[in-house]
Amino acid sequence: MEFTNEVEKATAPIYRKISKVLPEVEWPTFAPYIYRINQLKKEIENIFFLGIGGIGMSALARYFLQLGKNVVGYDKTPSSLTEKLIAEGAKITHEDAVDFFNVFDFHADDTIVIFTPAIPQDLKIRRFFQEEGFQMFKRSEVLGKIVDQSKGVAVAGTHGKTTTSTLVAHLFR
């Protein structure tokens, strides 16, 4: 595929990565969306996830990895999701210890923290970020910011979400 304009050239590396996983993604629809997200958060280089091992948080972490951001996180328990994220380039700790951060050069102006409501207020890592003045967002707020930049389809309910999501994805092919 030949990339001809600024938007296409700026998003080509991300598109190439995502198209390997999601071959049904079409370039004309995809490029402006990724470009807007990159322009919006160009100054944010590091994304720290508190509770990175859940299905929703790990999906967001994967999203930011595909945007080329540095993804670092904490989860109390190792899992297959955290192992996959590590294999994809995320750095994850399972210890509630601030000394983990000595390895990273985090600054409040280029790092955001995303957390789930399951993370206790008294977690040392959480208190560290709060005391140092980092921008902290709930997972739902970040999802809202992403969806504000594009069109989306939401599927909710007690039963049938996977079936309905599969049908919707098929319709958009």
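Biologist: Which residues of strand β1 are buried on one side, and which on the other?
Modeller: This is a predicted model, where local features need pLDDT of at least 70, side-chain atom pairs count only at pLDDT 80 or more, and totals for chains, interfaces and linings use all residues. Residues are numbered from 1 along each chain as its sequence is written, and side-chain values use heavy atoms, without hydrogens and water. In a regular strand the side chains alternate between the two faces of the sheet. Both faces of β1 are covered, with buried residues (under 20% relative accessible area, 1.4 Å probe, protein chains only) N46, F48 and L50 on one side and I47 and F49 on the other.

Biologist: Why is β1 called largely enclosed by the rest of the structure?
Modeller: Strand β1 (a DSSP run of E, at least two residues) covers residues 46–50. It is largely enclosed because the buried residues number five of the five.

Biologist: What is the bridge partner of F49 in β4?
Modeller: Strands pair if DSSP finds at least two bridges between them. Five bridges join β1 to β4, residues 111–115, and the two run parallel. Within β4, F49 has as its bridge partner I114.

Biologist: Which residue of β2 is the bridge partner of N46?
Modeller: Strand β2, residues 70–74, runs parallel to β1 and is joined to it by five bridges. The partner of N46 there is N70.

Biologist: Which residues of α3 are buried?
Modeller: Helix α3 (a DSSP run of H or I, at least four residues) has 12 residues. G68, with a positive phi near 85°, follows α3. The buried residues in α3 are M57, S58, L60, A61, Y63, F64 and L65.

Terms used
Buried < 20%, exposed > 50% of the residue type's maximum accessible area, 1.4 Å probe, protein only. Expected span 1.5 Å × (residues − 1).
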